[in-house]
Amino acid sequence: MPEIPAELLDDAPRAKKPRKPRGRKAEAPRPVNALDLILAQLDDAKAEQIVSIPLDDRRAVADAVVVASGRSNRHVGAIADQLVMKLKEKGYRDLRIEGMPQCDWVLVDAGDVVVHIFRPEVRSFYNLEKLLSASAPDDRAVM
């Protein structure tokens, strides 16, 4: 095989390396209304007795609380899993989930909206709808 002279190799055009994109990575866009997304997903997952409670500046915790029921521990866990997957798909990253191992009561904190998914017996025991309703007293203690 004949050797190529070094002078010819130095003058040869070189392939350019592809440039890396500069700047910030684009964040996944958040949906305009998380409450609508959550209610639609709970309906798709066959959650029962879905109740949305707007907090109307009474609480500093969230804008709304959603309470729903599942038929069994397995159903409650499946509803919570599907909801978390949908929220992550839509760009929510700072989700906090409590109660997944037992699945009697699962809490999903999506920031603006807090979702409680119960088994029916546990839901009737805690009765969060009454606690968070508009007729409940303010957080101030009477002295």
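This short talk goes through the overall build of one protein model and then a few of its side chains.

Before anything else, please keep in mind that this is a predicted model, in which local features need pLDDT of at least 70 and side-chain atom pairs count only at pLDDT 80 or more, while totals for chains, interfaces and linings use all residues. Residues are numbered from 1 along each chain as its sequence is written, and side-chain values use heavy atoms, with hydrogens and water left out.

If you read along the sequence, the pattern is α-α-β-β-α-β-β-β-α-α. Of the 143 residues, 33% count as buried, where buried means under 20% relative accessible area, exposed means over 50%, and partly exposed is in between, with a 1.4 Å probe and protein chains only. Among contacts (heavy atoms within 4.5 Å) between residues at least 6 apart in sequence, 55% join residues at least 24 apart.

Now I turn to the aromatic rings. A pair of aromatic rings is described by the distance of the centres and the angle of the planes. Here, rings of Phe, Tyr and Trp (its six-membered ring) pair if their centres lie within 6.5 Å, and planes under 30 degrees apart count as stacked, over 60 as edge-to-face and the rest as tilted. How many aromatic pairs does a search of the whole structure find? The search finds three. In one of them, the ring centres of Trp 105 and Tyr 126 are 4.6 Å apart and the planes stand at 45°, so the pair is tilted. Because Trp 105 lies in strand 4 (residues 105-109) and Tyr 126 in helix 4, this pair ties together parts that are 21 residues apart in sequence. Both residues count as partly exposed, Trp 105 at 27% relative accessibility and Tyr 126 at 42%. Tyr 126 also forms an edge-to-face pair with Phe 125, at 5.0 Å centre to centre and with 90° between the planes, and Phe 125 is exposed, with a relative accessible area of 65%. Together, Trp 105, Phe 118, Phe 125 and Tyr 126 form one aromatic cluster.

Finally, is Arg 123 buried or exposed? Arg 123, which is found in helix 4 (residues 120-126), is buried, because its relative accessible area is 7%. Leaving aside residues up to four places away in sequence, Arg 123 touches several residues, including Glu 48, Val 67, Phe 118 and Glu 129.

Definitions and conventions:
Helix = DSSP H or I, 4+ residues; strand = E, 2+ residues; numbered from the N terminus.
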